[in-house]
Amino acid sequence: MTDIVLLNARADATTETIAKDASVVAASGKVVVWRGDACRKGSCTHVYDVEKRKSTRTPSCEGGDPVGVGSLDPSGRWYAGDLRTGGLAILDLDQGTCRVLENVSAPDSGDLEQTFAAAWSGPSLMLLDQRSGTLTVVNAADGKLEERAEPLPVVNQAQIWGTATN
């Protein structure tokens with residue numbers, strides 16, 4: 001069991017405990033996405049805003065709560081995670097909404113990073129399926145999917161280091 005804490009500027013003392021017995025599932029900018037370790041169902045995922053020093057629950061999704069490790073865009077607005085019931089959830093943390101994409105998911109593992117290499121470019125999430133080489137771009141704002149016509153000839157530990165979308 002791990003506590004999630006904020007440290008002072010010298011990183012030699014705790015200034016605040018965000019959560020006890022919890023795990024960080026994503027972090028970027030002023031946002032930390034975390035989940036209580038003992039939580040097994042219901043709304044388990046929370047968002048901590050470093051500037052407001054406050055945790056709130058993530059938006060509700062029809063397919064349930066996101067599970068495993070997800071991906072947070074650099075601005076801290078968009079969070080993508082696999083759902084317990086299958087499908088990919090794209091959460092708009094600013095607007096408090098959830099969009100479920102049923103035809104994109106990380107089967108069995110629940111961790112986005114176990115199945116996909118992922119990178120954000122603005123509101124676009126690029127997912128490279130490490131099993132098949134399929135490259136998919138998801139626009140978080142409108143839910144539109146674009147899939148590369150042919151899979152890339154890369155599998156097992158493929159990585160995306162940066163993205164640019166037109």
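**View 1. The largest nonpolar core of the predicted model.** This core has 13 residues, and those touching the most other members are Ala-80, Leu-88, Ile-90, Trp-120, Leu-125, Leu-127 and Val-138. Two or more residues of the core come from each of β8 (78-83), β9 (88-92), β11 (116-121) and β12 (124-129). In soluble globular proteins, nonpolar side chains tend to be buried together.

**View 2. Ala-80 and its contacts.** With neighbours within four places in sequence left aside, Ala-80 is in contact with Gly-70, Ser-71, Leu-88, Ala-89, Ile-90, Leu-112, Trp-120 and Leu-125. Among these, Leu-88, Ile-90, Trp-120 and Leu-125 are also listed with Ala-80 as residues that touch the most other members of the largest core.

**View 3. Another core, apart from the largest one.** This core consists of twelve residues, including Ala-26, Val-47, Tyr-79 and Ala-89. Ala-89 is also one of the residues in contact with Ala-80.

**View 4. The hairpin of β5 and β6.** Strand β5 (residues 45-49) pairs with strand β6 (residues 54-57) in the antiparallel sense, over four bridges. Tyr-48 has Ser-55 of β6 opposite it. Four residues lie between the strands, and Arg-53 takes a positive phi near 55° in this hairpin.

**View 5. Thr-17 in strand β2.** Strand β2 covers residues 14-19 and includes Thr-17. Thr-17 counts as partly exposed because its relative accessibility is 37%, between the limits of 20% and 50%. Not counting residues up to four places away in sequence, Thr-17 touches Ile-4 and Val-5. The C-alpha atoms of Thr-17 and Val-5 are 4.3 Å apart, although the two residues are twelve residues apart in sequence.

Note on methods. Residues are numbered from 1 along each chain as its sequence is written. This is a predicted model: local features need pLDDT of at least 70, side-chain atom pairs count only at pLDDT 80 or more; totals for chains, interfaces and linings use all residues. Side-chain values use heavy atoms; hydrogens and water are left out. Buried means under 20% relative accessible area, exposed over 50%, partly exposed in between (1.4 Å probe, protein chains only). Contact means heavy atoms within 4.5 Å. Two strands pair if DSSP finds at least two bridges between them. A nonpolar core is a set of buried Ala, Val, Leu, Ile, Met, Phe, Trp, Tyr and Cys residues joined through side-chain atoms within 4.5 Å.
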